[in-house]
Structure formats: C-alpha cells, structure tokens
Amino acid sequence: MNDAPKPSIEARNVTKRFGGVAAVEGLSVACAPGEVFGFVGPDGAGKTTIMRLLAAVMRPDEGSIAIEGLDAVADPERVRSRVSYMPQRFGLYEDLTVDENIEFFAELFGISRRERDERAERLLAASGMTPFRKRRAGQLSGGMKQKLGLTCSLIHTPRVLLLDEPTAGVDPVSRRDFWRILYGLRGEGVAIVVATSYLDEAERCTRLGLLRDGRMLYCDTPARLKTLMPGEILAIASREARRARDVVAERDGVKGAILMGDGVHVVVDDAARRAKELEAALTRGHVEFDEIERIAPSIEDLFVALLTGEKAR
Amino acid sequence: MNDASAGEIRIVADRLVKRFGDFVAVNEVSFEARRGEIIGFLGPNGAGKSTTIRILCGLLRPTSGKAEVAGLDVARYPERVRENIGYMSQKFSLYNDLSVRENLRFFGGVYGVKGERLSKRLDFAVDMAGLKGREDALVADLSGGWKQRLALGAAVMHEPAILFLDEPTSGVDPESRRRFWHLIYALAGEGVCVVITTHYMDEAEYCNRIALINGGRLIALGSPGELKRSAIRGEILLVEGDDPGAILEALEGVPAARDVAPFGSSLHIVVDDAARDVAAIEARLKERGLSWSKIEPIKPTLEDVFVQLVGGDGARGAAQ
C-alpha cells in the first residue's frame, strides 16, 4: 500500500458552461475513500451539474475528472460502473413493488440473484423497509421512496456514491436510518458525495465545499469552517423576543440579530464582553429574559455570513 | 409585543379525531394558538400533520371533536373560516405560465380582494417578495427562493389572521430560507398566527412552540427550549473519533447506550446517567482498540428529542 491511497475522486480545474454561462468554474477537489463530502450552496450554484460531471453522464468543457484513477472523460463507461448516482428524483417505477424495483436495478447492473438478495435484505432491514417489500413504490411515503432509491443505488457495490439532495422531504428518523447506511459504506471505503441545502445534512459531512455561482469559495471540515465565522453568537432566551431584539440591535459590537423560537440570536464581535453589556441593557429596558449564553454557530449561520460577505465584495 | 401568551386565541383544537375507515389519522388532538404566535408541527411522514391542517382549514370535517379558527367553528362555517386563513403548500401552487402580477391578481380574486384594496395588496405582496420591477416576469423564470416568497405573498393577499404553511421551504437554499423566516416573523409581528409544518430541526428552532405529532397523536408541545430541557429521558453523550462508523458499531452492543446515532462526524449516545455510563462506553472502545478524541455530555438537540419521542417504530408504524 502506498502512504497516500489513490483518491476516489480527483477533479482538477473543471469548468462546464451552458450557452456561455459557467455553471461550474475552475473546480478542483479530491475525495479520499471513506470520506463524506458535502457540496452546499444556494439554488443555481452548480451542485447538480457537479454531480452529473462526477457521475460521467456529462462531460466538462475544461479540466479533468478521475474516479479511482480512471479518466471520466476518456473512459466514461468504466467510470460509470464504479459510480452510483442518485439524482433528486430517482427513477423508481411507481407501479412496481419495492422488490420488483430492486430486481430491475440489480439486472441493470448485472448483479447475481444471490448477491442481490443478500444486499437487498441488509439494506431494507437497515432502513426499516422490510415490511414494505410487496408495496408498490407509488404507494410509499416520500421518506420511504428516498430509502428505496438509495437501496436501488446500492444494489451494486459502487466505489463512489453521489447523492443529490438525498433527504428532501424525509423525516428525521428516516434521515437517521439513511445516514446509518451511509456510515456503513464509509467503513467499506466508499467515497460519498452529497449535494444539499440543509444544514442538518451538511453537519454530517466530513468535509464541505461552499459553492456560489459555480465556484467553490470555501472547502474544509465543518468544525474548521466554523472558525471562519466572523463574530460570535449569543442566544438570549426571552419571552419578549421582539423587545429584546429592539433593545440590543443597535448596540456597539452587535452585527445582527434574528428572532428565533425561544428568543433572539445576536451576532457580536466579542461574546464574553458583549454578554454583560447586553444583559445590563435588557435589565435597564425592563425586558424579561431567562439567560444569555454563547452558542456555537450552525452551518447555516456560517453560510449566510460567508456568502453574504462574498456578495458584498 | 410578541408575547404569544398575551395574544387572543386564534385556533382552538379540542379533542380532534379524524378516521378514514379503520385508520385513525388524527387522534384526540387538542391545542390552542394565539395571535402573533408561530407554531410548528413536527412529525414523521404520515403522522397526521397535514390532516390536522386540512381540518383547521375547513377542508375536512373532523369525525369528532371541535375546532375553532378565528372564533368560528370550522365544521359549521368552513367558508367563513377560509376567508380568514391563508394557505401555502410545498408545491407553491403558483401558475408557471402566468406573470408575478397575474398570479397575485388571480389569488387576490379567489379571496375576493377587489379594486383599490387589490392594487394595494398587490404592491404589498410584490414588495414583500422582493420582486419590485419584476412584476411582469413569468413565474417559470423565477428560482425556488423567489417563487417561495411570491407564494407567501399570494397566500396573504386577503390579510388573513391565520396562516397555514405546509412544508414551505422544501428545496430552497439556506439564504432564501432565512429570508423567508424573516418574512414570517414580520407577519407574526403584525399579529398573524402562523402554523407551519417542517421536517427540519433547524427550522423548528424558529418556532415559538413546537407540536410534536406522531401516529395521529400530539405527543409533546412546548417551546424548543422547553422540549430540549424536559421532553427527553436520559442524557446525551457526544463521542468523537477517527472512525465513527466503527465506534457506532462497537457501541450499539453496549447495554448502557440506549441509542447510538451518527451526528456530523461525531455520534450522539443516549444514556441514563452520563457521569456513570461514560466508563462503560470507554471500556468498550478500548476493548475494540478504537481511539476517541472526545467523550462529553451535551445538551440534547431538537433532533435528539424528536428521535427519542417518535422512535424508530413510530416512524415506520405510521406509514403502514
């Protein structure tokens, strides 16, 4: 074994244009086996285009893409045999049952009956789908459709798994099932790439790439990205959230204040110092509050802060 | 003032039941919501959230129990209830081949908004959606975030006192979502009572109160903070290490670990007593030769609460 194992995915300077507009521009990224890489960004940032390029169903205009060392441009067929791509709307056959859908995709990938049965059983059990094997896909809830899509995507043994918005409309319990399966695959050295706009999902990735207008502006682990957050966040728990916000919003060192269910989140330059000042101001203003505590920024906080800053430049 | 407890009551659900044949979609659901309050319905697919909303909108008659919206009995006065409510679904129900203005006119017309009031409300909705100058753009040409804000504008053309939003932010990006919530708060600030369903915990954090619904029943009701403080049994341990997959597998067999779930690159372990049970967790990891960088008690997240209260069986059972 080499010290540095061959990356599962290696994209260099990839650009893709549609009618003169760059959907993806100068993208370079490498993913190691077992990594869960998340592409996050607003609508139209290029997430879906990247997934299609990595799946070798679309060719880049410039740059190179290699999947386990295989050139995706020169050899798309071989690349596709190692990649599984689950688009936003996975093409399930609604009038076929769960089992029949799995059979169909297994045949498509030339999987033996024995291997198929074994994998299907394991995947369906892991996602709590076993009782529904005879149900038609069209009769499944949104969450179950997504889990069936994942099962079909994994019926062969891909080395790279590409998931575009995999859990849109899926409830948290199903989402956990989904991620449990993904964690199992990591152990087998599968590289997983997820495109998502939900922070629930982004927080689960080992690394994130923040996209805007086809460019990757930031790329790092969620923990290290959070250190880029300009300022710190104080959560004020108050039943008089609007008054609390009005009292703190214009104060020195306060960069922003948004209402949340339990009170206000305030972005400040220095949490330790401003917490005391805000506390005093609220007391003077006779605003009832329970506590002020410093909280870790969420990926969404970070996102909005970084991308808004980027736009302003 | 946003003190929800001080506002007048806008919605009363009193032991609502809805049966479809043998299936009980809504089972004895009772709650109240007030002027200016944002209440979130959270629950797995098929839990009964949408059915409850359809009853409150006067679209479905309850099998038993009573619902009052804007002071009106929904079963007796469904039309008058509908004059007082706005509704927006995840599909946005806008007409793609009509312009922004034409869509708003259409929805205004449906709600009987006419004349000068119509043009005023149209301006308000365009402004709120941030679509000034783009009134003649086709809806088909708008991106998800704009469509969403326009759909919200359409839903409030008639200045409803109560607004129902059914998974309104499915498929929009974080910035658009935040802007959307900003609008929701502005409406609530003017006194609108907002009921919203969502699957996303980050979104639930924006709600003043959360109603957790599972298998047709209301199983918890409280502010996000209240639910995190008191709705959960046991405590949460955060475990971080290089190989979370292997750690997950190793800990699933530890009796003290009542539940183990991946969470980011770390794991959340539910235990009865964090101080006591940490030893059993460490022992198992050592036994398997797994290293860890962190094991510490943390406050439960809303997702921890949701998963514990709803549980695996609930989510699956509800779909049957």
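A residue is called buried if 20 or more other C-beta atoms lie within 10 Å of its own, exposed if 12 or fewer do, and partly exposed in between, with the C-beta atoms placed from the backbone. By this rule B:Glu159 is partly exposed, because 15 other C-beta atoms lie within 10 Å. The structure is a predicted model, in which local features need pLDDT of at least 70 and side-chain atom pairs count only at pLDDT 80 or more, while totals for chains, interfaces and linings use all residues. Residues are numbered from 1 along each chain as its sequence is written, and chains are lettered from A and ligands numbered from 1 in the order in which they are written.

Each chain was examined for domains, whose bounds come from an automatic or database domain assignment. Chain A is divided into domain 1 (9-226) and domain 2 (232-296), and the centres of these domains, taken over C-alpha atoms, are separated by 40 Å. In chain B, domain 1 covers 4-229 and domain 2 covers 233-299; their centres, again over C-alpha atoms, are 40 Å apart.

Chain B has 11 helices and 14 strands. Helices (H or I, at least four residues) and strands (E, at least two) are DSSP runs, numbered from the N terminus. Along the principal axes, the C-alpha atoms of chain B fill a box of roughly 75 × 45 × 40 Å. Of the 320 residues in chain B, 50% are buried. Two residues are in contact if their C-beta atoms, placed from the backbone, lie within 7 Å. Among contacts in chain B with a separation of 6 or more, 71% join residues 24 or more positions apart.

The contact between the chains takes 45 residues from chain A and 46 residues from chain B. On the side of chain A that touches chain B, H6(A) gives the most, with 10 residues. This side has 18 nonpolar, 14 polar and 13 charged residues. Here Ala, Val, Leu, Ile, Met, Phe, Trp, Tyr, Cys and Pro count as nonpolar, Asp, Glu, Lys and Arg as charged, and the others, Gly among them, as polar.

Two packed helices are described by the angle between their axes and the distance between the axes. H6(A) and helix H9 (residues 244-252) of chain B pack at an angle of about 115°, with axes 8 Å apart. The axes are lines fitted to C-alpha atoms, for helices over the stretch in contact, and angles run from 0 to 180 degrees between N-to-C directions. In this pair, A:Tyr183, A:Gly184, A:Arg186 and A:Gly187 meet B:Pro244, B:Gly245, B:Ala246 and B:Leu248.

Most residues other than glycine have a negative phi. A:Ala56, although not a glycine, has a positive phi of about 60°. A:Ala56 is found in the loop between helix H1 (47-54) and strand E4 (62-67) of chain A and counts as buried, because it has 23 C-beta neighbours inside 10 Å. B:Glu159 is also not a glycine and has a positive phi of about 50°; B:Glu159 lies in the loop between helix H5 (144-155) and strand E7 (162-166) of chain B.

The largest nonpolar core has 189 residues, and those with the most contacts inside it include A:Leu162, B:Leu56 and B:Phe164. Such a core is a set of buried Ala, Val, Leu, Ile, Met, Phe, Trp, Tyr and Cys residues joined through C-beta atoms within 7 Å. Leaving aside neighbours within four places in sequence, B:Leu56 is in contact with B:Ile11, B:Ala13, B:Ala67, B:Val69, B:Val74 and B:Phe164.
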